[in-house]
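Biologist: I am new to this one. Can we go through it together, term by term?

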Amino acid sequence: MHIGILSRNSRLYSTRRLIEAAEARGHTARVVDTLRCYMNIASHRPSIHYKGAEIEHFDAVVPRIGASVTFYGCAVLRQFEMMGTYVVNDSVAISRSRDKLRSLQLLSRKGLGLPVTGFAHSPDDIPDLITMVKGAPLVIKLLEGTQGIGVVLAETNQAAESVIQAFMGMKANIMVQEYIKEARGADIRCLVVGDKVVASMKRQAADGEFRSNLHRGGTASEIRITPEERSTAIRAAKAMGLAVAGVDLLRANHGPVIMEVNSSPGLQGIETATGKDIAGMIIDHIAKSAAPARKIPPKPKG
């Protein structure tokens with residue numbers, strides 16, 4: 001197979017590992033800078049150009065689209081979809097997962113465990129919003145934040161009111177969530193490929209920090225998850241429509257609750273923590289899933 005990897009940087013760990021895994025299995029792989037792709041949106045022959053020439057045919061595309069380029073990245077991915085190329089995660093699923101509020105609403109509709117979450121527009125509603133999520137301590141999150149950036153823990157109701165007012169004054173979109181004390185600064189990242197959780201790790205926040213993101217100094221270790229946590233992660237990925245996903249869970253007293261579903265999960269932390277060849281599992285999934293599409297010959301040019 002000839003596999004395209006949409007990535008801004010070929011030196012990133014996850015991108016390199018996908019290339020290595022593809023080549024180890026006899027495939028070819030090419031990294032394509034998402035923002036250097038440009039499109040000819042035609043009715044009969046849609047095409048993508050890259051650095052001055054029409055891009056070659058790919059049997060499959062792996063989107064490694066960063067949050068900051070979601071809009072353009074999804075437009076490029078839609079063009080590949082229009083051309084009949086198999087994509088690991090499609091543009092609709094990625095857009096869905098990147099919208100934190102929409103993704104929680106979709107997970108809620110499926111009856112999956114979530115922290116109590118509030119969303120409001122008017123400063124007049126802040127007191128009731130705080131009460132709605134069981135009061136302080138509570139977590140305030142920027143909807144556009146990533147890797148723990150824009151996440152604030154408010155220890156008192158007064159502090160929560162001040163922070164929420166400040167964000168609203170900046171016209172920032174935020175949501176407010178209950179703080180799961182019993183998680184003790186730890187979460188679980190489940191890596192879903194297809195319909196299986198292929199690896200899971202516990203991420204523990206650094207001393208004095210409540211965010212467990214590895215980018216914030218957290219540490220990672222392999223963990224055995226419960227059948228309920230496994231089922232929750234798989235159902236969450238399916239609710240988003242993602243074939244490859246990182247599902248972040250907290251262990252609450254009443255069962256697992258979902259914090260986020262990531263459509264472009266990093267591989268370094270979880271491969272290091274578990275020792276598993278997750279990049280290889282993703283490539284194997286692609287080879288299996290793209291096979292039916294490859295039986296249909298591409299449309300002739302011209």
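This is a predicted model: local features need pLDDT of at least 70, side-chain atom pairs count only at pLDDT 80 or more; totals for chains, interfaces and linings use all residues.

Biologist: How much of the chain is buried?

Modeller: Buried residues make up 50% of the 302 residues. The chain still exposes about 14900 Å², and carbon and sulfur atoms supply 51% of that area.

Biologist: What share of the contacts with a separation of 6 or more joins residues 24 or more positions apart?

Modeller: The share is 65%.

Biologist: And how many charged side chains are there, positive and negative?

Modeller: There are 39 positive and 29 negative ones, and the centres of the two sets lie 6 Å apart.

Biologist: Now single residues. Why is Ser-7 called buried?

Modeller: Its relative accessibility is 2%. The cut-off for buried is under 20%. Ser-7 falls under it, so it counts as buried. Ser-7 is found in the loop between β1 (2-6) and α1 (13-24).

Biologist: What does Ser-7 touch, leaving aside its neighbours within four places in sequence?

Modeller: Its contacts include Leu-12, Val-31, Asp-33 and Arg-64. Thr-15 is also among them.

Biologist: What makes the Ser-7 and Thr-15 pair a polar contact?

Modeller: Their side chains are joined at 3.0 Å.

Biologist: Which polar partners does Asp-59 have?

Modeller: Its side chain reaches the backbone nitrogen of His-2 at 2.7 Å. A polar contact of 3.5 Å also joins the side chains of Asp-59 and His-57.

Biologist: How do you know that Gly-218 is buried?

Modeller: Its relative accessible area is 14%. That is under 20%, so the word applies. Gly-218 sits in the loop between β13 (196-204) and β14 (219-222). Gly-218 and Gln-204 are 14 residues apart in sequence, yet 5.3 Å apart in space, C-alpha to C-alpha.

Biologist: Why is Lys-51 called exposed?

Modeller: Its relative accessibility is 52%. Exposed means over 50%, so Lys-51 passes. Lys-51 is in the loop between β4 (47-50) and β5. Its phi is near 50°, a positive value in a residue other than glycine.

Biologist: And Lys-134: buried or exposed?

Modeller: Exposed, at 59% relative accessibility. Lys-134 lies in the loop between α5 and β9. Its phi is also positive, about 75°, although Lys-134 is not a glycine.

Biologist: What is the omega of the cis peptide bond between Ala-136 and Pro-137?

Modeller: Omega is about 0°. Pro-137 is in the loop between α5 (126-132) and β9.

Biologist: Last, a helix. Which residues of α4 are buried?

Modeller: In α4 (residues 100-109), they are Lys-100, Leu-101, Ser-103, Leu-104, Leu-106 and Leu-107. Their cover includes α3 (91-98), β9 (138-142) and α7 (227-240). Just after α4, Gly-111 takes a positive phi of about 75°.

Definitions and conventions: Residues are numbered from 1 along each chain as its sequence is written. Side-chain values use heavy atoms; hydrogens and water are left out. Buried means under 20% relative accessible area, exposed over 50%, partly exposed in between (1.4 Å probe, protein chains only). Contact means heavy atoms within 4.5 Å. Accessible areas come from the Shrake-Rupley method with a 1.4 Å probe; for residues, only the protein chains shown count as cover. Lys and Arg count as positive and Asp and Glu as negative; His and the chain ends are not counted. The place of a charge is taken as NZ of Lys, CZ of Arg, CG of Asp or CD of Glu. Helices (H or I, at least four residues) and strands (E, at least two) are DSSP runs, numbered from the N terminus. A polar contact is a pair of N or O atoms within 3.5 Å; within protein, one must be able to donate a hydrogen and the other to accept it, and residues adjacent in sequence count only if both atoms are side-chain atoms.
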